[in-house]
Amino acid sequence: MRKEIKITSVVLLVLMFSLLLSGSVLAQEEERYGGTLNAALQMSVAHLDSDNSTDSMITAMMNHVYEGLFEFDKNLKVHPYLAKSYQVSEGGLVYEVKLRENVMMHNGQTMNADDVIASFRRWLEINNGGKLVAPHFDQVEKIDQYNIRFTFKDPYAPFLNILASPVSNQKFVVRAEEVVKEFGTDIIERHVGTGPYKYEEWVPDQKLVLTRFEDYTPSSRESSFFAGERIPYLDKIVFNFIPDAQVRVSGVRTGQFQFAEEVPREQYQIFKRNENIKNEIIYPDRMSMLIFNSSEAPFDNKYARRAIAYALDFEELGYAMIGDTQFWRLESALHEEGNPWHVPDAGEGIYGVYDPEKAKQLLEQAGYNGQPLVILSGQDNQMERQGAIAIQDQLEKIGIEVELQLFDRPTVVEKRSKPDGWHMHLSPFIKVVPDPQIHQGWTGTNKWITNWDSKDSRQMDQIFAEMLREVDYEQRYKIVERMQAELWDSVPYFNILDYSRLHIRRTELKNFKSGWQPFFWNTYLE
Amino acid sequence: MLFLKKYNKYKHPYITTSIIILIILIFLSLFAPVITDYSPVRNHPRDRLQPPSRKHLLGTDQFGRDVFTRILYGIRASMQVGLAVVILTMITGGIVGIAAGFYPRIDKVVMRFLDAMMAFPGIIIAISLAAIWGAGKFNIILALSFAYFPRMARIVRSSVISIKDLDYVESARAAGARDSRIILKHILKNSASPIMVQATFNFALAILDEAALSFLGVGIMPPTPSLGAMVTDARSYMVVAPWMILAPGIMIILAVLSLNLLGDGLRDLLDPHLKNTIKN
């Protein structure tokens with residue numbers, strides 16, 4: 001009897017203790033709520049309608065207000081978001097998407113198929129991503145309140161990835177049907193979405209204010225960047241538009257802002273010494289790309305193009321272009337490690353192989369006559385300007401004469417679009433693309449500024465045509481491997497390295513994840 | 001030489017200081033390859049942003065290039081631009097000024113044209129010309145000369161006008177001297193002082209404006225060192241590598257200050273009206 005009492009009391013004690021513990025956990029969770037976040041962004045926007053503008057800042061801010069059917073995780077793998085599940089059938093011609101039920105919108109109604117279809121039709125008509133899809137698309141049908149069927153005329157493999165695209169003016173977001181009806185294809189000025197924050201006030205050129213949506217319905221999936229659970233801890237988010245980097249920095253120093261976007265990388269060490277400031281190095285979302293003019297000698301010959309890859313010491317370029325090793329990494333593939341389309345052995349035997357002798361030999365093979373090579377580059381962007389200077393230096397060291405032409409951006413854009421007058425051009429590319437198909441825009445016969453027109457370029461066109469129709473991941477991955485191999489064989493352009501930008505935040509802002517676009521769900525103020 | 005005679009008489013302190021500084025700068029720019037072993041353009045990115053040390057007197061920049069070396073070659077470029085601009089403005093401004101001052105008929109047309117040009121700030125004219133012709137040392141020299149010559153022409157013209165009616169010119173003409181002889185022998189020789197003073201100021205201005213143009217990215221093309229472009233590049237590293245901005249900045253100040261002092265001193269020495277003020 002006494003023993004029993006003893007056991008019961010122990011059990012009781014344990015129970016009481018665990019109750020207390022869970023209570024304190026709950027209390028901690030409760031404490032995270034509240035506060036106003038002041039963020040300093042670098043550019044103002046013209047309006048807030050992401051379907052109507054190529055400004056990625058709009059998408060970045062309105063990601064808090066609108067959500068997609070599908071969203072990317074930190075490895076750019078696509079996950080259903082407002083969609084619950086989906087099914088692809090008939091060789092990639094039909095996508096059946098099941099929506100999450102009882103998702104509240106900012107107008108007090110629940111999201112249903114009508115909202116999605118109305119938004120989708122608008123997206124198809126005016127959004128750049130939609131315009132990519134439209135020629136292949138047949139129709140969208142409502143099966144019932146929560147089921148939709150998308151039908152294609154011919155297979156279009158990148159569909160889901162384009163829907164979730166992080167590239168400006170591509171992502172598909174769900175808006176309330178009433179809003180789409182009200183504004184049609186005009187710029188939307190009333191914002192009703194499903195996001196964790198709702199539109200409160202917009203003062204052009206000054207700020208955008210968002211407040212917590214109390215009835216928000218989070219996804220039950222695991223949170224990773226844009227995919228999965230989003231919890232709106234903050235009462236209010238104020239995006240301030242501050243074009244001058246130093247002003248953003250001082251704002252964070254004084255505590256006026258808790259977050260500042262894109263600050264000078266050179267000041268990293270100084271921020272590190274400040275105990276109120278934390279550096280946030282962004283996921284390396286830029287590539288420095290060296291593009292050849294394939295229509296002009298010597299680069300009308302692929303051996304000459306390959307020679308330049310051997311002639312450059314990429315690591316040294318990293319120090320000269322970007323600086324601190326924390327901000328760049330060597331990466332031969334167009335899609336980085338962890339990404340579903342990463343090809344680990346891309347450029348093997350040529351990428352990062354510094355062999356000036358081989359370079360000279362290849363140049364000779366290509367019939368290079370010693371003429372000065374013109375590097376055309378912008379001078380406003382640090383990577384472009386310093387990279388061009390460093391490439392000139394390296395090529396001159398091995399006896400190739402180089403003429404450097406640095407101009408402001410409009411002049412560069414004008415000059416590079418001409419078929420002659422330049423040999424090499426250094427340009428930043430965005431690394432976070434939704435799908436390998438996107439590369440088709442600048443890779444292939446006479447694509448972009450490459451003036452690449454040969455047997456190889458037509459083979460590349462063929463590879464992309466196959467990629468477009470192949471919906472099976474395994475098969476498609478093999479095509480991507482072939483694309484990468486062809487790219488490093490004929491080298492119409494090549495990526496030197498990946499590099500990052502730097503954001504800073506106050507230490508009181510917790511749980512911040514440095515995505516390619518800043519987002520503030522799941523973050524809280526202490 | 002009038003100048004040397006006067007200098008010996010008054011020992012003007014401005015002139016002494018400025019000439020010492022200028023001699024040092026000219027020495028540095030002339031003997032740059034002897035003074036330093038480093039190349040002003042070759043990169044060593046792994047040694048970037050090194051603070052001043054015995055190996056690198058003024059540290060290194062973002063490409064690991066020796067800042068001291070780049071400054072030496074930078075002064076060289078500044079001096080070249082300054083000298084070329086001075087010579088060009090003296091020739092063009094001189095010809096236009098004499099023609100306008102000596103022949104009243106030309107005067108009316110030419111001076112109105114120059115008035116119109118002087119309505120624009122010189123640097124704006126230089127920026128637009130450099131933008132049209134493209135960057136590069138030669139184009140900068142032309143652009144700056146074009147921007148400065150109206151002022152020079154005006155100064156020459158006014159001194160020609162004041163001299164040409166003086167008695168000795170009249171008597172030369174009465175003696176049957178040709179215009180060319182009168183201009184060369186009598187007028188030019190006697191208007192040398194204001195031209196020299198203006199030339200010195202133009203020299204300083206050209207150095208400053210070359211730096212400004214390079215700072216704006218329409219000047220001397222990288223990687224060739226230019227003091228102005230070095231300041232531009234250093235801006236983004238100002239907090240972490242202050243030596244990168246201080247060194248070329250101080251050099252620009254030294255060169256411009258010494259030339260301005262020299263100009264002031266020359267004016268004091270050579271202007272007969274101010275003769276008495278510098279005695280004490």
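This section describes a strand arrangement and a helix pair in chain A, together with annotated spans of chain B, in a predicted model.

In chain A, an open sheet is built from seven strands with mixed pairing, and their order is S8-S9-S10-S1-S11-S19-S12. S12(A) runs antiparallel to strand S19 (residues 502–506) of chain A, to which five bridges join S12(A). Within this pairing, Lys278(A) has Arg505(A) of S19(A) as its bridge partner.

Helices H9 (residues 302–311) and H11 (residues 356–365) of chain A have axes that come within 8 Å and cross at roughly 165°. As angles over 145 degrees count as roughly antiparallel, H9(A) and H11(A) are therefore roughly antiparallel to each other. The crossing of H9(A) with H11(A) is left-handed. On the H9(A) side, the contact is made by Tyr303(A), Ala304(A), Arg306(A), Ala307(A), Tyr310(A) and Ala311(A), and on the H11(A) side by Pro356(A), Lys358(A), Ala359(A), Leu362(A), Leu363(A) and Gln365(A). Classified by residue type, this contact comprises nine nonpolar, one polar and two charged residues.

For chain B, an unreviewed UniProt entry places the feature "transmembrane region" at residues 12–36, 81–103, 123–149, 199–220 and 240–262. In the model, residues 12–36 of chain B are 88% helix and 0% strand, with end C-alpha atoms 34 Å apart. Residues 240–262 of chain B are 91% helix and 0% strand, and the end C-alpha atoms of this span lie 36 Å apart.

Definitions and conventions: Residues numbered from 1 in each chain as written. Chains lettered and ligands numbered in written order. Predicted model: local features only at pLDDT ≥ 70, side-chain atom pairs only at ≥ 80, totals over all residues. UniProt positions renumbered as here; feature names shortened; annotations may be inferred. Helix = DSSP H or I, 4+ residues; strand = E, 2+ residues; numbered from the N terminus. Pairing = 2+ DSSP bridges. Axes fitted to C-alpha atoms, helices over the stretch in contact; angles between N-to-C directions. Parallel < 35°, antiparallel > 145°, perpendicular 65-115°, else oblique. Left-handed = near helix turned anticlockwise from the far one by under 90°. Contact = placed C-beta atoms within 7 Å. Nonpolar A, V, L, I, M, F, W, Y, C, P; charged D, E, K, R; others polar.
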